[in-house]
Amino acid sequence: MAKTEMTKKTMRRLPVVGGIAAGSVLLLAAPAFAHVTVQPDTAAQGSYATINLKVPNERDHASTVKLEVTLPTDHPLVSVMPQPVPGWKVQVTEAKLDKPVETHGEKIDKAPSKITWTAEDDGIEPGQFQQFPLAVGQLPEHAGQLVFKALQTYDNKEVVRWIEPAKEGAAEPENPAPVLKLTAAAKDGAAGPQAAQNAPAPDQKVSESDTTARVLGIVGIVIGIIGVAYGVFAGRRRNA
């Protein structure tokens, strides 16, 4: 009798456990969608690359209407070309370099320092995201990463500052700055405008973190549904 009663209690708890499991998985998955990120998040040192600033809307009752991205000054990029984005106007701001750099045998004393996208229509509405493509180069040959600090402005005047650097071994900051990691170039790889042409198009590659988050989210939902269904079935058997 005691064993039967224990079994019934266990069955009644299953829906709750299933729901908690689903919620936990979804909570773990959510942060991957919430940040402004660079995609793809890696590129070869010394190459030219096409990257995308991926901007999700985190608010339920406001639209993103402006994105300001500060380009790295420790390793200036002398070539930055934004791809037109329908419904947005773009402005590239240049600044004088503290130390001129040499590229293709020519000394450059100015380089792009900031890019500003401003919505001409509704911007990025709740539940949506937008990608802002850039062709950049030449990437530094002796750096491990480039940091692109970003300001995201909503139509209610709220500004989210994605500028916090991530530190190795520490927890991820609340508003991490978008980062492009640089890897050693392949010995037979191309470095130049041709490499940019061969780079993945905006929608051809999704970051590994986003893919993992989606899988975990789906698993969580399935677990929750199974738990609820099992609870309903167990309740009917008890009532019968």
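1. Start with Ser63, which in this predicted model sits in the loop between strand S3 (49-56) and strand S4 (64-70). Is Ser63 buried or exposed? Its relative accessibility is 9%, so it counts as buried. Setting aside neighbours within four places in sequence, you'll find Ser63 in contact with Asn57, Asp122, Ile124, Glu125, Pro126, Thr153, Tyr154 and Asp155.

2. Now look across at Gly123, in the loop between strand S7 (106-119) and strand S8 (129-137). Gly123 and Ser63 are 60 residues apart along the chain, yet 6.0 Å separates their C-alpha atoms. With residues up to four places away in sequence not counted, Gly123 touches Thr64 and Trp88. Gly123 has a relative accessible area of 24%, which makes it partly exposed.

3. Next, a couple of peptide bonds to check by eye. Most peptide bonds are trans. Here, though, Gln39 and Pro40 are joined by a cis bond, with omega at about -10 degrees. Pro40 belongs to the loop between strand S1 (37-39) and strand S2 (42-44).

4. The other one to look at runs from Gly137 to Gln138: this bond is cis too, and omega is near -15 degrees. Gln138 falls in the loop between S8 and strand S9 (145-147).

5. Last stop, Lys157. Most residues other than glycine have a negative phi. For Lys157, phi is positive, near 80 degrees. You'll find Lys157 in the loop between strand S10 (149-154) and strand S11 (159-162). With a relative accessible area of 73%, Lys157 is exposed.

Note on methods
Residues numbered from 1 in each chain as written. Predicted model: local features only at pLDDT ≥ 70, side-chain atom pairs only at ≥ 80, totals over all residues. Heavy atoms only, no water. Helix = DSSP H or I, 4+ residues; strand = E, 2+ residues; numbered from the N terminus. Buried < 20%, exposed > 50% of the residue type's maximum accessible area, 1.4 Å probe, protein only. Contact = heavy atoms within 4.5 Å.
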